[in-house]
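Here is a short report on how two chains meet. Look at the interface before reading on.

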2 protein chains.
Amino acid sequence: MAGAVDFANIAQQFVKFYYEQFDTNRGNLGALYRHQSMLTFEGTPAQGADAILEKLQSLPFTSVQHRTDTLDAQPSSEEGGILVLVTGALLVEGSERPMSFTQTFQLRPEAGTFYVFNDVFRLVYPAA
Amino acid sequence: MAGAVDFANIAQQFVKFYYEQFDTNRGNLGALYRHQSMLTFEGTPAQGADAILEKLQSLPFTSVQHRTDTLDAQPSSEEGGILVLVTGALLVEGSERPMSFTQTFQLRPEAGTFYVFNDVFRLVYPAA
């Protein structure tokens with residue numbers, strides 16, 4: 001199943017790249033979105049690469065580290081889209097305590113690469 | 001924006017229905033999947049309504065309650081697909097302690113209704 005290997009590999013490479021960029025040079029993330037892309041960050045929506053980058057740049061922390069704990073991927077469309085679900089932890093400067101998060105992406109193929117069509121981020125608080 | 005109201009409403013109705021069925025009559029969930037549907041449950045994949053229902057029925061708890069804490073939805077395709085991200089808590093019989101979970105669905109329209117094309121479920125453990 002070459003296709004199966006591919007979408008899983010692409011998802012892993014994307015997630016690694018995404019959080020590396022997020023944690024070292026957030027301004028680079030704009031290149032991953034298009035005008036039709038959507039972000040919902042903690043319930044706040046943004047549409048289009050410019051608005052999304054503005055939202056990501058405006059987040060109230062300048063230094064942050066993402067840790068990926070789980071990553072699942074599935075084909076999401078006949079055109080080669082990929083659905084990704086990540087869970088992990090976020091360590092923000094000045095805080096000793098990592099916060100759990102979940103993030104889902106839909107990646108869409110474009111000219112030999114992929115861009116982010118859907119992006120939803122949520123912090124996850126302990127259930128008890 | 002009638003379309004915007006619609007996808008958010010459909011996502012809410014779907015999630016309410018899905019967890020009600022899950023918690024009261026799990027066998028009904030098979031009707032929400034098709035042969036091309038995919039489930040990844042805690043990293044274990046299943047494809048097709050029959051295999052997915054078998055997986056859901058085989059989960060090692062007979063009594064379970066889902067609580068939905070957050071629900072975000074975005075259009076996922078030009079054909080009317082909807083991406084849904086849920087976070088919440090799971091209370092399993094015999095356990096005092098709720099567990100956090102996250103689940104993402106892609107719903108696809110079909111003859112005036114929707115079915116689940118993608119379904120990924122993960123428990124989320126405290127990050128610290």
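How many residue pairs are in polar contact between chain A and chain B? The count is 22 residue pairs, both residues at pLDDT 80 or more. A polar contact is a pair of N or O atoms within 3.5 Å; within protein, one must be able to donate a hydrogen and the other to accept it, and residues adjacent in sequence count only if both atoms are side-chain atoms.

This is a predicted model, in which local features need pLDDT of at least 70, side-chain atom pairs count only at pLDDT 80 or more, and totals for chains, interfaces and linings use all residues. Residues are numbered from 1 along each chain as its sequence is written, chains are lettered from A in the order written, and side-chain values use heavy atoms, without hydrogens and water.

| Item | Value |
|---|---|
| Contact residues of chain A (heavy atoms within 4.5 Å) | 33 residues |
| Contact residues of chain B | 33 residues |
| Buried area (accessible area, 1.4 Å probe, lost on being put together, summed over both) | about 2,700 Å² |
| Salt bridges (side-chain nitrogen of Lys or Arg within 4 Å of a carboxyl oxygen of Asp or Glu) | four |

R108(B) forms a salt bridge with E78(A), and their closest N and O atoms are 3.0 Å apart.

Definitions and conventions:
Buried area is the accessible area (1.4 Å probe) that two parts lose on being put together, summed over both.
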